[in-house]
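Please report on the sheet in this model. Keep it brief.

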Amino acid sequence: MTFEEFKSTVMDSATISDGLKFAKPTWWRGRFLFPVCIIGMDNADSIVKIPQWYKLESGAITRVNSIIDNVLGSNANMTDLILPPSIERFTPQMLSACNKLKRMTFPKSVTCVPEKTFRDCIALEDVYYEGSREEWDRIDIVHRKDVAIVDHFRLGLLCNVDNVRYPIYGNEPLFNARIHFDCDLGGSGSIGELGVYLNGKPLSLK
C-alpha cells in the first residue's frame with residue numbers, strides 16, 4: 001500500500017486509541033515538564049493510533065515520546081500502527097508478538113532500533129518513514145554483535161584474541177518490509193488539531 005493510500009484510508013480517519021495508560025509526568029524544578037511514555041494499553045482495535053500530546057489536569061501539556069516493552073503486543077488484532085512524530089525512541093521488544101501488524105508509521109526522530117524490537121512481526125509489509133533515504137540508512141538497527149574471544153592468559157597478557165560476529169535475531173521483519181520515504185506524519189498544526197489524551201479519554205484542546 002502506498003503512503004497516499006494509507007493516509008487516505010487509515011491515517012485520516014483513525015482516532016486516538018482508547019485504553020492507553022501513561023507514566024506519571026515528571027517536572028524539573030517545577031518549570032519544565034518531561035515527555036511521558038505509554039506504559040499500558042487495554043485495546044483490541046485493528047488500528048492503533050498513538051497521541052502526540054498528553055495533557056495534565058492542571059492544563060500543562062507535554063509530548064508522548066516512547067512506549068515501553070511489550071505494551072503493543074497486548075493487542076493481538078493490531079494490523080495498523082500510527083506513531084506520531086513525537087516518538088523519539090523504540091524499546092526492546094516494543095512490537096514483540098505483534099504478528100498481525102502489516103503497516104506502521106516510523107518517526108525520523110528514532111535513530112536506533114534495539115534488538116528484538118520487531119520480533120514476531122511476520123506480517124509486516126509497509127513502513128512509512130518520515131525522513132529521507134539517507135536518514136534511514138543512518139538508523140542503527142541492531143541485528144548483529146561483535147564479540148572478542150580470548151583463548152587464554154599468558155604472563156598477564158591477553159593471547160589469541162579473535163573477533164566473532166554473531167547474528168542477533170528479532171529485527172528481520174524490518175529488513176523484509178517495504179520502506180516508504182519522506183512520509184508526512186502530520187507533525188505540524190495547532191495543538192487543538194493534534195491527538196491529546198486525558199484521564200483515559202481522547203481530548204480536543206480547541
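Which residue in β9 is the bridge partner of L81? M104 is that partner.

## Basis

This is a predicted model: local features need pLDDT of at least 70, side-chain atom pairs count only at pLDDT 80 or more, and totals for chains, interfaces and linings use all residues. Residues are numbered from 1 along each chain as its sequence is written, and side-chain values use heavy atoms, with hydrogens and water left out.

## Sheet order

Five strands form an open sheet with parallel pairing. The order is β5-β8-β9-β11-β15. Strands are DSSP runs of E, at least two residues long; helices are runs of H or I, at least four; both are numbered from the N terminus. Two strands pair if DSSP finds at least two bridges between them.

The edges are β5 (47–49) and β15 (178–180), each pairing on one side only. Neighbouring strands are turned by 20 degrees against each other on average, direction ignored. Axes are lines fitted to C-alpha atoms, for helices over the stretch in contact; angles run from 0 to 180 degrees between N-to-C directions.

## Pairing

Two bridges join β8 and β9 in the parallel sense. Between β9 and β11, also parallel, there are four bridges. R103 stands opposite D126 in β11. D126 in turn stands opposite R178 in β15. Strand β11 (residues 126–129) pairs with β15 over three bridges, again parallel.

## Packing

Helix α1 (residues 3–11) packs on the sheet. It touches β5, β8 (80–82), β9 (103–106), β11 and β15, contact being heavy atoms within 4.5 Å. The direction of α1 makes about 90 degrees with that of β8.

Both faces of β9 are covered. R103 and T105 on one side are buried, as are M104 and F106 on the other. Buried means under 20% relative accessible area (1.4 Å probe, protein chains only). In a regular strand, side chains alternate between the two faces of the sheet.

Notes:
Buried means under 20% relative accessible area, exposed over 50%, partly exposed in between (1.4 Å probe, protein chains only).
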